[in-house]
Each structure stands twice: as C-alpha cells, then as structure tokens.
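Please have the sequence and the model open side by side. The paragraphs below go through the structure by region.

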Amino acid sequence: MKNNKNLLYDKIIFFLLSLTLIIGFFFDEDSAGSGGFIADFNNTWGYVEVLKDSLFVLPSKWVMHTPLHFIILSKLHILIEDQYLIRLIFCIISISIPILFYLCLKINFPDQNKNNLLVLASLTFLFPSFRAGAIWANDHITALFFFLLFLIFFLKWIKKSNFEELTSNIYFQLIFLALAVYTRQYYALIYIYCMYIYFKKFSLFNFLKLSLIVFVLTIPGVLLIYFDPVLLTVTFSKKIQHAILINSSILSFYLIPIFFTILFLNKEKPSIKNKQQFLFILIAIVIVLLSSFFFNYNYKLGGGYFLKLSYLLTNNEILFLISSAVGLILLFNLARENNDNILLICLLIFGFSSYQIFQKYFEPMFFFIFFLMIKSNISAIFLKNIKNIYFLFFYLVIYLATGIINNVYKITKTVL
C-alpha cells in the first residue's frame with residue numbers, strides 16, 4: 001500500500017511538471033536563451049514552407065542542421081495551416097520524451113524502485129532547453145525522440161547474454177539512430193560508439209554485415225553534405241582547447257549535484273582511492289592551465305552556464321576554469337569505471353567543437369546518456385535514495401528559475 005501511495009504521488013509530480021510545460025507554452029516561454037529558440041523557430045519556418053512543395057531543398061539557407069525535423073513539420077503543415085496549433089501539438093507530443101526516458105530507465109535499472117525512476121524521468125520537464133525546444137517546435141526534441149527509441153532497443157539488446165545473431169532489435173537500433181542523425185547531425189557521434197560496441201560483441205562477419213547496412217543508411221547524408229558541405233564544417237573547429245574547457249564545464253554543471261549527493265548526503269559511497277584522485281586533480285589542473293593560455297572564445301556566443309556566470313560575478317574566467325577542472329575530474333572518475341566510458345566521454349568532449357558551443361546541445365541529452373549509456377556505479381547508488389533525486393529536483397528548479405529570469409530581463413544580453 002505504501003508503494004502504491006508513493007507511486008500515486010510520483011504520478012502527480014509527473015502530471016504537475018508536464019502541466020507547467022503546457023502553461024509555459026501559453027506564455028511563449030523561452031527559458032533557455034533569451035529568445036534563441038523563438039528566433040530558431042521563426043528563422044526556419046520559411047524552410048518548412050518551402051518543403052511543402054519540394055523535399056529537395058538544401059537546408060543551409062535557413063538552418064545548419066540535417067533536415068528531417070523540418071520535413072516532418074512541413075507534412076504536418078500540409079494538414080494544419082495554423083502555425084500556433086502546430087506548435088501546441090508538438091508541445092503535447094513532447095511529453096512523450098520523459099515517458100520514453102522512464103521506459104529506458106526501467107530497462108537499464110530493473111532492480112531499482114520504479115517510483116524513484118519515475119521521479120527522475122519527471123525532472124526532464126525542468127531542463128530549460130527541453131522546455132523551450134518543446135514549446136517552440138525545435139528539432140532538438142525530435143532528435144531526442146528518435147534517440148530514446150534507439151536506446152530502448154539498444155538497452156534491451158545489451159542486457160542479453162547472447163550476441164551471436166543479428167536480430168530485428170539491431171536493425172531498429174540502426175534505423176532510429178539514423179533518424180536522430182538526420183534530425184541533428186551530432187548524433188553521428190553515438191553511431192561511432194555503437195560501432196565500437198558492435199565490433200566487440202559480434203563476430204567479424206556479422207560486424208561487416210552491420211557495417212554494410214550502416215553504409216547504406218549514410219548514403220543520403222553523404223549526398224546531403226556533398227551538395228551542402230556547410231552542414232559539416234559548421235559542426236567542427238580546430239580550436240580543441242575551446243571544446244575541452246567549455247564542454248567539460250558544461251558537463252560539470254550536470255554532474256556536480258549527482259556527485260555531491262553521493263559524497264555528502266549518502267551513506268553508501270563509491271570506492272575512491274586518494275592517490276588516484278590526486279592524479280586526476282593534477283592532470284585536470286595541467287590540462288585547464290595549458291588550454292587557458294590559448295582560450296579566446298567569445299563568451300557572447302554561448303559557452304555554457306558557468307562561463308556566463310563567471311563573467312557576471314567576477315568579470316573574468318576564473319569560475320569557469322574551476323568548473324572545467326571539476327568537470328574533468330568527475331569525467332575521469334566515470335572513465336576509470338569502464339573502458340567503454342572513455343570513448344563515450346571523448347566523443348562528448350571533442351565531438352562538440354564548433355566555433356560556437358551552447359549548453360542546449362547537451363540538454364537533456366547528456367542526462368539521458370549518463371543514466372542509460374555510461375557504465376557507472378554512481379548512477380545506481382544515486383537512484384537508490386529518493387532524497388538524492390529530490391536534491392537534484394531543487395537544483396534544477398533553481399536552474400530553471402534563473403533561465404526564466406534571464407529570459408524576462410535579458411541579463412546575459414544587456415549586462416555581458
């Protein structure tokens with residue numbers, strides 16, 4: 001009876017948080033960037049209009065992303081003329097993202113309390129980039145939808161002990177991940193990780209068969225990049241120091257509350273070797289110091305929460321550099337738990353190396369990756385105690401509140 005009562009409370013939490021998303025829609029909320037998602041929607045609507053008549057239109061005139069999301073919107077636009085109604089339908093459908101996340105959590109943590117998993121999945125509604133993307137019909141949400149469908153099949157497959165056969169499960173993985181890539185090209189990074197896992201699990205013959213299927217799925221993307229190469233060049237930059245410092249800082253923002261609860265609010269703690277931690281701290285400091293000498297990123301073009309906060313509070317990069325070092329230390333701890341984590345973390349750090357890096361790229365994608373793909377005892381320990389999840393809840397509420405305040409008063413646009 002107690003579990004049923006708790007489940008009822010948790011369903012109420014999910015319902016209330018989903019309701020805040022609908023309320024945010026009617027207030028035209030854009031808590032992620034002082035009008036950035038609104039501008040994205042308005043600037044790309046012309047592309048949606050053009051796609052109604054022809055699918056063979058290159059996207060770079062309107063957007064630097066792969067076009068599947070806009071193709072889907074254009075087909076919906078044929079049925080529904082009202083732009084506002086299309087946004088509302090998209091916003092309502094976006095509520096499926098936390099639901100899919102919950103289904104993935106149940107697969108990945110079959111022994112964990114289902115109530116805890118539901119509350120954690122509900123926290124998706126508190127991420128500003130998720131909310132703004134859902135409210136303003138952004139391709140970020142469509143890509144997450146396909147990514148989570150991929151993860152459902154991937155997690156079911158990875159839990160199996162027999163990896164000899166190429167089942168339909170594998171084909172669904174490849175298809176849904178391809179759809180994510182054709183919505184947002186940076187999901188190709190996940191393809192690299194998957195091919196590494198497939199190579200480890202399958203025989204050489206089956207791996208080659210998989211590779212052939214992947215090759216076929218990439219043909220439309222290769223043609224798209226051939227005719228519109230800016231889609232590739234805009235994603236990567238040679239200034240690796242920017243990627244290291246900014247991406248580690250952004251990831252630290254999501255990891256800090258999780259590690260804080262584990263280390264200071266939990267009785268159960270992960271095994272920590274002092275000598276190893278000292279080495280991690282030393283390496284992180286050296287990397288940050290060396291990278292900072294060549295760091296000349298324009299903080300007005302994104303850079304993440306801590307970079308903006310650093311300039312707001314101190315008018316310099318000190319707080320930002322500290323967050324980068326903390327991020328590297330925490331990522332080193334995740335990497336040490338499993339070799340597969342090393343590749344995944346490197347892809348996240350170096351894969352987002354554009355001349356402009358925004359926090360929205362990782363939100364809530366990294367939240368999903370941490371709990372569903374990174375192999376770590378940290379996530380399992382964190383989920384055992386509902387107090388940990390409530391602490392993260394209040395952390396994200398404060399984060400969302402600062403985003404809304406920034407959206408209303410345009411602090412980062414007028415002060416910085």
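Helices (H or I, at least four residues) and strands (E, at least two) are DSSP runs, numbered from the N terminus. The model is predicted, so local features need pLDDT of at least 70 and side-chain atom pairs count only at pLDDT 80 or more, while totals for chains, interfaces and linings use all residues. Residues are numbered from 1 along each chain as its sequence is written, and side-chain values use heavy atoms, with hydrogens and water left out.

Serine 248 lies in helix 13, which runs over residues 240-265. The expected span of a helix is 1.5 Å times one less than its number of residues.

Buried means under 20% relative accessible area, exposed over 50%, and partly exposed in between (1.4 Å probe, protein chains only). Helix 13 is mostly covered, with 20 of its 26 residues buried. Serine 248 has a relative accessible area of 0% and is therefore buried. Contact means heavy atoms within 4.5 Å. Leaving aside neighbours within four places in sequence, serine 248 is in contact with Ala243, Ser323, Ser324, Gly327, Leu328 and Ile349.

Tyrosine 305 is placed in helix 15 (residues 305-314). Its relative accessibility is 24%, so tyrosine 305 counts as partly exposed. Not counting residues up to four places away in sequence, tyrosine 305 touches Phe253, Gln359, Tyr399 and Thr402. Tyrosine 305 and phenylalanine 320 are 15 residues apart in sequence, and their C-alpha atoms are 8.8 Å apart in space.

Serine 379 belongs to helix 19 (residues 377-384) and is buried because its relative accessibility is 2%. Beyond four places in sequence, serine 379 is in contact with Phe109, Phe370 and Phe371. Serine 379 and isoleucine 262 are 117 residues apart in sequence, but 9.4 Å apart from C-alpha to C-alpha.

In soluble globular proteins, nonpolar side chains tend to be buried together. A nonpolar core is a set of buried Ala, Val, Leu, Ile, Met, Phe, Trp, Tyr and Cys residues joined through side-chain atoms within 4.5 Å. The largest such core here has 137 residues, and Leu120 and Phe147 have the most contacts inside it. Helix 8 (residues 139-158) supplies the largest share of this core, 13 residues. Apart from neighbours within four places in sequence, phenylalanine 147 is in contact with Leu177, Ala180, Tyr187, Ile190, Met365, Phe368, Ile369 and Met373.

How many disulfides does a search of the whole structure find? It finds zero, a disulfide being a pair of cysteine sulfur atoms within 2.5 Å. Cysteine 104 is in no disulfide, and the nearest cysteine sulfur, that of cysteine 194, is 13 Å away. Cysteine 104 counts as buried because its relative accessibility is 0%; cysteine 194 also counts as buried, at 0%.

Histidine 77 lies in helix 3 (residues 68-79). With a relative accessible area of 2%, histidine 77 is buried. Not counting residues up to four places away in sequence, histidine 77 touches Trp45, Val48, Glu49, Lys52 and Ile86.
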